[in-house]
Amino acid sequence: MGAYVSVLTLRSPPGRREEAIEQFIQRGVLETCRDAVPGFLSGRLLRSTDDEDLACVICEWADRAAFADVERELVSELAEAVPQHSERESYRLAVPAVV
């Protein structure tokens, strides 16, 4: 089986995309994945040119199985983190977070 590509879209609260991107970069998310996650090959953080609140993370994995191994854990962590973040940063989600 060949390489696998995952795409994660990230929508920030209105007007806060650059802040979210800065936090992503400062935390070294992609570097940490490269060093610590088996099967992670590379990743890129991209800004949408059509939506000022949208960013996208495109990652390349050794194969689908490598991504599947971490996908369940990531979904669980995101499901917990999103409401906590909105509460801490004092914004309200218009609809419940769907992960």
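Contact here means heavy atoms within 4.5 Å. Helices (H or I, at least four residues) and strands (E, at least two) are DSSP runs, numbered from the N terminus. This is a predicted model: local features need pLDDT of at least 70, side-chain atom pairs count only at pLDDT 80 or more, and totals for chains, interfaces and linings use all residues. Residues are numbered from 1 along each chain as its sequence is written, and side-chain values use heavy atoms, with hydrogens and water left out.

Select helix α1, residues 17–26. Arg17, Ile21 and Phe24 are buried there (under 20% relative accessible area, exposed being over 50% and partly exposed in between; 1.4 Å probe, protein chains only). They lie on the same side of α1 because they cover an arc of only 60° around the axis, taken from the directions from the helix axis to the C-beta atoms. The buried residues of α1 pack against α2 (29–36), β2 and β3. Step on to Gly28, which follows α1 and has a positive phi, near 60°.

Next, select Phe40 and Trp61. Both are buried. Their rings form an edge-to-face pair, 5.2 Å centre to centre with 80° between the planes. (Rings of Phe, Tyr and Trp, its six-membered ring, pair if their centres lie within 6.5 Å; planes under 30 degrees apart count as stacked, over 60 as edge-to-face and the rest as tilted.) Phe40 sits in strand β2 (residues 40–47) and Trp61 in strand β3, 21 residues apart.

Finish at Val37. Leaving aside neighbours within four places in sequence, Val37 is in contact with Thr32, Trp61 and Val70.
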